[in-house]
Amino acid sequence: MMYWLLTNIVSSLLLPPANLLIVVWIGWRYLPGSPRLGRALLFGATLLLAALSTPLAGNALLNLLQTAPALDIDHLPHADAIVVLSGGTYDNAPEYGGDTVRAFTLERARYGAKLHRITNLPVLVSGGRPDKPGQTGEARLLKSVLETEFLVPVRWAEDRSNNTADNARYSAAILKRSGVRNILLVTHAWHMPRAQAAFEANGLSVTPAPTVFVGSGSTLSVFDFIPSAPGLTKSYYAMHEAIGLIWYRLHGDT
């Protein structure tokens with residue numbers, strides 16, 4: 001829990017808007033003694049924050065990560081199982097009477113259900129609750145949604161993981177005990193590079209099954225150049241993935 005908390009605090013400080021607000025604070029501190037440097041830092045951080053807040057920048061950054069193409073449903077490669085990664089929870093949902101999955105997880109569940117209906121392959125779901133130890137893991141919530149709402153049976157639920165590297169490590173151990181070596185891996189298109197590398201590092205043959213391609217086939221409009229909260233969110237996710245890829249390679253998780 002402490003390791004997860006510390007790594008996420010550090011990660012948050014390296015990502016927008018926190019990283020740029022830190023630069024703004026440094027620029028403000030430099031203004032009295034070094035006004036030129038202070039103004040440069042203030043102007044640069046503000047300009048970069050505005051740029052990263054545009055949907056144009058957010059889509060472009062996420063597109064750099066969407067390297068795995070959509071699966072050709074008519075020509076699926078051999079696989080032994082489908083792995084669906086969770087993507088967060090919607091806690092204390094009043095309309096559902098408790099915790100359930102959030103939008104990211106639901107999007108992955110929908111595509112995993114589609115692949116199961118096409119292939120009839122067994123399904124593994126993966127995800128713990130690093131933010132709330134002792135509560136129902138994300139995998140259990142995802143399993144419930146798949147089985148009750150999508151009518152898709154889930155054979156395995158891995159609910160010990162705290163991050164993508166753990167997803168891969170613990171899921172691979174479960175699958176190998178059942179003789180599974182080849183998987184269809186379901187996650188968001190921009191999360192796929194890190195997820196695929198982690199699962200392959202744990203000895204599995206991975207066929208990417210990405211879903212939710214950001215900015216796919218969209219045409220530019222004037223709103224793509226206007227800073228917005230959704231634009232900054234996309235840049236945040238892209239930079240989070242980039243930092244994650246670098247960290248995993250340095251840390252030996254991939």
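Salt bridges in a predicted model

Visitor: What separates Asp-166 and Arg-169 in helix H7?
Guide: This is a predicted model, by the way. Both residues sit in helix H7, which covers residues 164–177. Being 3 residues apart there, they are separated by about one helical turn.

Visitor: How far apart are the N and O where the side chains of Asp-166 and Arg-169 meet?
Guide: Side chains of opposite charge can pair when their charged atoms come close. Asp-166 is buried, with a relative accessible area of 9%, while Arg-169 is partly exposed at 34%. Their side chains meet in a salt bridge, and the N to O distance is 2.5 Å.

Visitor: Is Glu-241 buried or exposed?
Guide: Glu-241 forms a salt bridge with Arg-194, with the closest N and O atoms 2.8 Å apart. That pair links distant parts of the chain, since Arg-194 is in helix H8 and Glu-241 in helix H9, 47 residues apart. Buried means under 20% relative accessible area. Glu-241 has 3%, so it's buried.

Visitor: How many residues apart in sequence are the parts that Arg-129 and Asp-99 tie together?
Guide: The side chains of Arg-129 and Asp-99 meet in a salt bridge at 3.6 Å, N to O. Arg-129 lies in the loop between strand S4 and helix H6, and Asp-99 in strand S3, so the parts they tie together are 30 residues apart.

Visitor: Which residues are linked with Arg-129 in a network of salt bridges?
Guide: Arg-129 counts as buried at 6% relative accessibility, and Asp-99 is partly exposed at 25%. The network of salt bridges links Arg-129 with Asp-99 and Asp-91.

Methods
Residues numbered from 1 in each chain as written. Predicted model: local features only at pLDDT ≥ 70, side-chain atom pairs only at ≥ 80, totals over all residues. Heavy atoms only, no water. Salt bridge = Lys/Arg side-chain N within 4 Å of Asp/Glu carboxyl O. Helix = DSSP H or I, 4+ residues; strand = E, 2+ residues; numbered from the N terminus. Buried < 20%, exposed > 50% of the residue type's maximum accessible area, 1.4 Å probe, protein only.
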